[in-house]
Amino acid sequence: MTSPAFDPTAARRAILDRIGIAARAAGRDPSDVTLTAVCKQQPWERVARVLKAGQRVFGENRVQEASARWGERRSEIRDLELRLIGPLQTNKAADACALFDVIETLDRPKLAQSLAALRDRGLALPRLYVQVNTGEEPQKAGVVPAQADSFVKEVRETFGLTVEGLMCIPPEDEEPAMHFALLARIARRNGLARLSMGMSADFETAVRFGATSVRVGSALFGERPPAGG
Ligand SMILES: *Cc1c(COP(=O)(O)O)cnc(C)c1O
């Protein structure tokens with residue numbers, strides 16, 4: 001497989017332009033939408049070039065992989081923001097809190113309890129998003145829509161945690177718009193202003209439905225090498 005020349009500056013510029021056009025078409029301010037560069041499984045050489053192109057917000061889906069990659073570099077990169085967008089096991093919660101600025105995948109009481117315990121021990125917690133499994137897919141993480149309101153309430157009232165927003169990953173074979181609309185409705189009725197939704201194939205649709213951050217991987221970095229490699 002030969003890949004075309006990797007031009008991160010042009011790729012990033014093109015994505016930011018598309019975000020801007022989608023935002024303006026929806027009567028929104030383009031600066032209200034953050035581009036999260038999803039760099040999971042990408043070689044560091046590519047990540048370094050995207051950094052050099054000015055990108056500062058990065059998404060990773062595994063705590064260990066992210067620690068190995070960013071742990072030492074973290075303090076040397078100004079304004080870096082790291083977001084965890086993959087499932088978090090409770091036994092990795094402390095590691096995740098040490099590395100990430102944002103955890104987008106809070107989805108069960110046990111994890112909220114672990115985070116609250118870390119806070120009680122004096123740790124500064126990352127900003128938190130609740131993941132909603134809008135398609136109710138059994139293999140996917142996230143709280144189902146019918147339980148989203150009560151879970152947000154529990155996170156706030158029982159555990160005293162601040163929820164910044166909601167996140168979803170729509171089913172691959174369905175029209176994403178209805179999932180984005182659903183997530184936006186759940187956010188609105190829970191007084192949440194931030195929505196992490198939209199990926200390479202559908203981020204403009206997500207912006208139309210109110211995304212405040214979009215998670216773009218392959219459209220920015222090129223295709224990922226196979227997982228586990
Ligand atoms: C991998 C991943 C993305 C990025 O996917 P692309 O289609 O490559 O843009 C976004 N969100 C999550 C949760 C992911 O795991």
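**Entry 1: a pair of neighbours.** I began with A37 and found that it stands opposite V216 in strand β8. I keep in mind that this is a predicted model.

**Entry 2: the sides of β8.** I then followed strand β8 through residues 213–216 and noted where its side chains go. S213 and R215 point one way, while V214 and V216 point the other way. Are these residues buried or exposed? I found all of them buried, and buried here means under 20% relative accessible area.

**Entry 3: stepping back.** I looked up the whole protein chain and counted 9 helices and 8 strands. Its radius of gyration is 17 Å, close to the 17 Å that the globule rule gives for 229 residues, so I can call the chain as compact as a globular protein of that length. I also boxed in its C-alpha atoms along the principal axes and got roughly 50 × 40 × 30 Å.

**Entry 4: inside and contacts.** I checked how much of the chain is tucked away: buried residues make up 51% of the 229. Then I took the contacts between residues at least 6 apart in sequence, and 59% of them join residues at least 24 apart.

Entry 5: What share of the accessible surface belongs to carbon and sulfur atoms? I noted 49% of about 11300 Å².

Technical notes. Residues are numbered from 1 along each chain as its sequence is written. This is a predicted model: local features need pLDDT of at least 70, side-chain atom pairs count only at pLDDT 80 or more; totals for chains, interfaces and linings use all residues. Side-chain values use heavy atoms; hydrogens and water are left out. Helices (H or I, at least four residues) and strands (E, at least two) are DSSP runs, numbered from the N terminus. The radius of gyration is taken over C-alpha atoms; the globule rule is 2.2 Å times the number of residues to the power 0.38. Buried means under 20% relative accessible area, exposed over 50%, partly exposed in between (1.4 Å probe, protein chains only). Contact means heavy atoms within 4.5 Å. Accessible areas come from the Shrake-Rupley method with a 1.4 Å probe; for residues, only the protein chains shown count as cover. Two strands pair if DSSP finds at least two bridges between them.
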